[in-house]
Amino acid sequence: MSAPPPTPSEGPDTTEPLYLSWEEIGLATATLAQQTAAAGVPQAVVGIVRGGLIPAVWIAHRLGVHDVRTIEVTRTTSDDINAAKAPLPTLRNPASLGDLTGLDVLLVDDIAGSGTTLAHTARIVQELGPARVRTAVLAVNRANWPAGPEPHHRIDHIARQTATWVVFPWEEQHDQR
């Protein structure tokens, strides 16, 4: 992977979630856009529904990319903090991607815990024939990351890393804090 090393993990391991602000999301999307542009501006940006939609659109705007698409893949069984994960990601409406043949594609999600959803989705996108697929996430939750390759060896662009559950400003739990 071509990404520069991501920021170090933030803070000690904790069970308290990290609540990100809109300002922090703005900074993270700017970081991802800069990392992405350094390796070439993609022709299409694909957001993983639901959490990856907002950062995908924001990154696309920052890069001047007008082709924004979605794919619905999830492992989390609910919106609760520390919600359980299904063993395998679930795909819905794969036709929403359209024709990606020959395109340079950036696949975006909000969070990577184990990296399974992102890797699974990248394989689905790759099967549609793009010239290149890169991955980007706002945050990696190192508390859930499996042993083996470090996140920056499996994910092309990472804005930040943490050691706890992340709550984004578009999530209901953010308002309940």
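**Salt bridges and overall layout**

Reply: Starting with Glu24: this residue is partly exposed, at a relative accessible area of 27%. Bear in mind that the model is predicted.

Me: Which side chain does Glu24 meet in a salt bridge?

Reply: That of Arg160, with N to O at 3.8 Å.

Me: Is Arg160 buried or exposed?

Reply: Buried. Its relative accessible area is 15%, and the cut-off for buried is under 20%.

Me: How many salt bridges does the structure hold?

Reply: Five. One of them joins Asp104 and Arg132, with the closest N and O atoms 2.8 Å apart. That pair also links distant parts of the chain, 28 residues apart. Asp104 is in strand β6 (residues 104-112), Arg132 in strand β7 (residues 132-141).

Me: How accessible are Asp104 and Arg132?

Reply: Asp104 counts as buried at 12% relative accessibility. Arg132 is partly exposed, at 30%.

Me: Which residues are linked with Asp104 in a network?

Reply: Arg132 and Arg134. Salt bridges link the three.

Me: And what does Arg69 pair with?

Reply: Asp67, in a salt bridge at 2.8 Å, N to O. Arg69 is buried, with 15% relative accessible area. Asp67 is partly exposed at 24%.

Me: Switching topic. What's the secondary structure?

Reply: Five helices and nine strands. From the N terminus, the order is β-β-α-β-α-β-β-β-α-β-α-β-β-α.

Me: Now confidence. Where is it lowest, and where highest?

Reply: Lowest in strand β1 (residues 9-10), at a mean pLDDT of 46. Highest in helix α2 (residues 53-63), at 98. Over the chain the mean is 86, and 81% of residues reach 70 or more.

Me: What about residues 1-12?

Reply: pLDDT stays under 50 there. The model still has 27 contacts beyond four places in sequence for residues 1-12. Where pLDDT is low, predicted coordinates should not be read in detail.

Terms used. Residues are numbered from 1 along each chain as its sequence is written. This is a predicted model: local features need pLDDT of at least 70, side-chain atom pairs count only at pLDDT 80 or more; totals for chains, interfaces and linings use all residues. Side-chain values use heavy atoms; hydrogens and water are left out. pLDDT is the predictor's confidence in each residue, from 0 to 100. Helices (H or I, at least four residues) and strands (E, at least two) are DSSP runs, numbered from the N terminus. Contact means heavy atoms within 4.5 Å. A salt bridge is a side-chain nitrogen of Lys or Arg within 4 Å of a carboxyl oxygen of Asp or Glu. Buried means under 20% relative accessible area, exposed over 50%, partly exposed in between (1.4 Å probe, protein chains only).
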